[in-house]
Amino acid sequence: MGQIQLRVVPMIMSGAGLYTSRYASLRERSIMSSILPVLSLLETRVLGVLAEKQRTVPDSYPLTLNSLVSGCNQKSSRDPIIEASESEVQAALDSLRSMSLIVETSGGRASRYGHNIERVLHIPTQSTALLTMLMLRGPQTAGELRINCERLHKFADIASVESFLAELAERAAGGLVVELARQPGSRENRWMHLLSGAPAIEERAYSSVASAAPSGDVTVGEIAALKANVAKLEAEVSDLRAKMDKLCTELGVSAS
């Protein structure tokens with residue numbers, strides 16, 4: 001897919017300029033209607049960092065390559081933590097630019113980069129905030145997303161978060177998020193983005209096990225009780241082993 005130069009077109013223009021604007025719009029819609037390629041972890045990290053920094057440090061946005069590398073390798077608020085080189089981030093930028101997901105601007109001493117998520121994916125800023133947190137922090141519950149999105153967008157309540165997640169999951173052009181099976185001891189299901197493809201094998205395997213298990217939630221109390229029983233059994237086994245070792249010593253035989 002060739003690179004597409006995006007530019008701001010003035011409202012007052014000649015007939016030829018109007019035609020150019022309409023043609024660019026048609027090409028952009030064509031990209032949006034096509035199936036988005038599966039992105040790598042680094043590509044989603046780059047997109048997430050750009051969307052995050054746009055809201056949290058607007059004075060520094062668009063970002064330089066150096067700032068983007070630092071954001072990708074950040075130790076806090078990232079899952080998983082990665083160590084990407086400048087050349088690897090540049091390669092991810094080139095790939096994302098070919099999909100029109102980022103825009104490069106020149107000026108000053110270094111090129112700067114911004115994201116184009118909303119226009120390409122046709123989603124509102126609220127949905128971009130949710131996708132950003134999922135790209136940066138991995139699968140999360142609606143409650144966790146509401147808290148983590150605080151600096152990007154303040155959702156009124158969890159129901160509002162769930163509403164936007166449902167819209168992202170049910171898009172006519174293809175879902176961008178999916179709800180995962182509930183984990184043991186958890187009261188909420190987690191969500192993950194689909195920009196890097198379907199859920200991992202372990203997620204699907206857990207989903208199969210969960211669907212085959214008896215209905216009803218496993219409570220925190222039940223898990224605590226199971227752990228207590230396991231600890232009790234381990235203590236009893238240890239006591240029996242000690243007694244057996246003592247008896248074998250008295251009889252002069254080997255415990256093995």
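Predicted model: local features only at pLDDT ≥ 70, side-chain atom pairs only at ≥ 80, totals over all residues.
**Exercise 1. Check the span of helix H8 and find which of its residues are buried.**

Solution. The expected span of a helix is 1.5 Å times one less than its number of residues. For the 12 residues of H8 (residues 158-169) this gives 16 Å, which agrees with the 16 Å between its end C-alpha atoms. Next, with buried meaning under 20% relative accessible area, exposed over 50% and partly exposed in between (1.4 Å probe, protein chains only), the buried residues of H8 are Val161, Phe164, Leu165 and Leu168. Seen down the helix axis, these residues fall within an arc of 105 degrees (taken from the directions from the axis to the C-beta atoms), so they line one face of H8. An α-helix has 3.6 residues a turn, so residues three or four places apart point the same way.

**Exercise 2. Determine how H6 and H8 are oriented and which residues make the contact.**

Solution. With axes fitted as lines to C-alpha atoms, for helices over the stretch in contact, and angles running from 0 to 180 degrees between N-to-C directions, H6 and H8 pack at about 85 degrees with their axes 10 Å apart. Angles under 35 degrees count as roughly parallel, over 145 as roughly antiparallel, 65 to 115 as roughly perpendicular and the rest as oblique; H6 and H8 are therefore roughly perpendicular. The contact (heavy atoms within 4.5 Å) is made by Gln126, Ser127, Leu130 and Leu131 of H6 and by Val161, Phe164, Leu165 and Leu168 of H8.

**Exercise 3. Is Leu152 buried or exposed, and which residues does Leu152 contact beyond its neighbours within four places in sequence?**

Solution. Leu152 sits in the loop between H7 and H8 and, at 13% relative accessibility, counts as buried. Leaving aside neighbours within four places in sequence, Leu152 is in contact with Glu52, Arg55, Thr56, Ala129, Thr132 and Met133. The C-alpha atoms of Leu152 and Thr56 are 7.0 Å apart, although 96 residues separate them along the chain.

Definitions and conventions: Residues numbered from 1 in each chain as written. Heavy atoms only, no water. Helix = DSSP H or I, 4+ residues; strand = E, 2+ residues; numbered from the N terminus.
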